[in-house]
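This report describes selected side-chain contacts and surface features of one protein chain. It treats charged pairs, aromatic pairs and a charged surface patch in turn.

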Amino acid sequence: MRSYRSLKAELSTKLKESINKNNFPEFLKASRTILSTWKENDFKNIVELTMREVLLDLIRNGANITLLERVFQFSIDAAILDVVAGNAPVLVIGDMFESSTIAECEQFFSFVESRVDIFKKDIFFRVCKNHLLRSCNDLLKRLSRSQNTVFCGRILMFLARIFPLSERSGLNIISEFNLENTTAYVTNDDSFSDLASEKEDGTEEGEISSQNQRPITLDKNLYQKFWSLQDYFRSPNTCYNKMQWRQFASCTSDILTVFRSFKSDDANSSKWKQAKLPSPDGTSVYFAKYLTSPKLLELELSDSHFRRYVLVQFLILFQYLTSPVKFKLESYVLTEEQQNWVKETTKKIYKLLEETPPNGEAFAHDVEKILLREEYWNAWKNEGCPDFKPLSDKAEVEKKLKKRPGDDLHTYPNKKINTDAAKLWNTKPNNWEACRSAKRNFVPTLESYFGITSKVEGGQVIQKKDMTDSKYTWKALRLLCMKSPHIFTANTAPAKGVSEYLESIIQKLAKEKPQNQQDSATVETAIAEDETMEDANDEFLPASEEDSKDEVKKENVLTKTLIRTISEKLQDNWQALALKLGFQDDEIEYYESTPGAKQQTEQMLTVWMERDGSLPTFTRILQSAGLLNNVLSLISA
């Protein structure tokens, strides 16, 4: 009996000969002859092992890429004929990637790219998908996202083509962020002092001349504000922190003001277009990461491409902050004031995009459509990424779209047809549009529901209603919630019956209704005077509550000058004072990030001044904290 080593050597020789001839049937015939006495599983294993060893031998000897592709194709043909295991092609291509350089892997990857349809077949997809995904991920780990950008994109596009959209391994189900994608920028003062000295000495070779410089002042403050925004783009959830949001909103407003202060360069004449560096093979090099040198910021701000990158980042961040995401924490909600700020800022950003050449209006329109489409994907992920159902026949789909709801009734001849219902359904081809019609607004006015009418000569007539009817009172309260501000009046008096409450509200509404249209302006003035007197004697708003409203005099406020004066006295105990002033632990932690105890105290008191600013209140809090004696002389002065 021949030894295993001799059989394997003979099989390797036959495989190399078949590869040179590109004749797989010849190799298959020879392998069955050589291994005729072997069991089926052993036969598959030795054929697969032989292919992988021959492949590695060809790579070590620097074989032509055509021969390597033939080995890969032989493994596919053998898997289809059940000569080797179904995952053998992926193992073969994995060996190629692991034993080759990145430049060689980029050539070998075209083997799998051109055979996407083959790998999507059931015979391969079931057994190969995990191995294929692992090989591609291992290859991505070896690549640089900034230097091998195109190759990374090819791998991701291949995975997107071969896996279905609902494949969980390719979806960020729980909305995690890549917090490792940091943008490093200069934080020391030396670089800015060197930059200032260089500007004084004159323009160096490769820098823009003074006649092309923009009317902006490039300083450390502007530079750090601009690049600190990348931390918020990288981790949007930090914007839900009150202090972080205040800093983000301030930086955003300043940067957008800088963008509006000068006109950007046209992309066709932009210096960035000519600044691409040639690589050794003659192709241009594209840098995926931002260049954060202080010397480049002025040039970057005037570049249209760079400006678009930053503005679109703002829009993506705003969409996440305002969209419902299933895996957000319940506390991650913007206040109404923050939502209004986002809406106004979004309008400004779109206007800047429209003003940015080339084709600014078309670009802004395309970005808006893309973000709208992103909302559909977000809703799909919130639903758990259900599988997509295959589309029906095109003609059948168009027929269903054109068919109106009432037409379905005629398909059931044995059932009684309600002609009025069919007429209602077929009022308009688009029933959603019919539902939104203004004619379907059945909510009555307050005057008509409560029966308040006006006489021509003056006075009001109120039709008596049955206040004991529960249906009437329930509808009345709902209508008041929608259209009357009186129901939301602050009230600490004991609750009265619903009927008495409604009668008082109706009397108020009757007084507010003008007696006639010609004298409406005079009546409105009279009503305002009546309301002033009425509020003083309102039985539902106690006089004690009205008297409790105190107006803080302008001279009794905590001024910025006083804050700077007393901060030095309070800097040793400012954390305890912050708790007394109502600050939370996360806010105190944010103030501690500021260097210097005096600056921390001053910043904390400045924020409190914006919230309250009352000097008497501040004095009472200092007394309760036992710190009043430290600053009493300063406050009295």
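## Side-chain contacts in a predicted model

Arg234 has a relative accessibility of 22% and therefore counts as partly exposed. The model discussed here is predicted. The salt-bridge partner of Arg234 is Asp231, with 3.7 Å from N to O. Both residues belong to helix 11 (residues 220-234), where they are three residues apart, about one turn of the helix. Asp231 is partly exposed as well, at a relative accessible area of 29%.

### Salt bridges

The model contains 14 salt bridges. Three of them are set out below.

| Pair | N to O distance | Location |
|---|---|---|
| Glu106 and Arg154 | 3.9 Å | helix 6 and helix 9 |
| Glu113 and Arg154 | 2.5 Å | helix 6 and helix 9 |
| Asp231 and Arg234 | 3.7 Å | helix 11 |

Arg154 takes part in a salt bridge with Glu106 and in another with Glu113. Because Glu106 lies in helix 6 and Arg154 in helix 9, their pair ties together parts that are 48 residues apart in sequence. The pair of Glu113 and Arg154 likewise links distant parts of the chain, 41 residues apart. These side chains are partly exposed: the relative accessibility is 22% for Arg154, 29% for Glu106 and 23% for Glu113. Elsewhere, a network of salt bridges links Lys16, Asp57 and Arg60.

### Aromatic pairs

The count of aromatic pairs comes to 28. In one of them, the ring centres of Phe109 and Phe151 are 5.8 Å apart and the planes stand at 75 degrees, so the pair is edge-to-face. Phe109 is in helix 6 (residues 102-113) and Phe151 in helix 9 (residues 149-162), so this contact ties together parts 42 residues apart in sequence. Phe109 is buried at 0% relative accessible area, and Phe151 is buried at 1%.

The rings of Trp245 and Phe248 also have their centres 5.8 Å apart, but their planes are at 50 degrees, so this pair is tilted. The two residues are three apart in helix 12 (residues 242-261), about one helical turn, and both are buried. Trp245 and Phe248 belong to a cluster linked by ring pairs, which also includes Tyr232, Phe233, Phe314, Phe318 and Trp341.

### A negative surface patch

Glu354, Glu355, Glu361 and Glu368 form a negative surface patch. Helix 16 (336-355) and helix 17 (360-382) are the elements that each give two or more residues to the patch. Glu368 is located in helix 17 and, at 45% relative accessibility, counts as partly exposed.

Technical notes:
Residues numbered from 1 in each chain as written. Predicted model: local features only at pLDDT ≥ 70, side-chain atom pairs only at ≥ 80, totals over all residues. Heavy atoms only, no water. Patch = residues over 30% accessible without salt bridge, like charges linked within 9 Å, V, L, I, M, F, W, Y side chains within 5 Å. Areas by Shrake-Rupley, 256 points an atom, 1.4 Å probe, with all protein chains shown as cover. Salt bridge = Lys/Arg side-chain N within 4 Å of Asp/Glu carboxyl O. Lys, Arg positive; Asp, Glu negative; His and termini not counted. Charge placed at Lys NZ, Arg CZ, Asp CG, Glu CD. Helix = DSSP H or I, 4+ residues; strand = E, 2+ residues; numbered from the N terminus. Buried < 20%, exposed > 50% of the residue type's maximum accessible area, 1.4 Å probe, protein only. Phe/Tyr/Trp six-rings, centres within 6.5 Å; stacked < 30°, edge-to-face > 60°.
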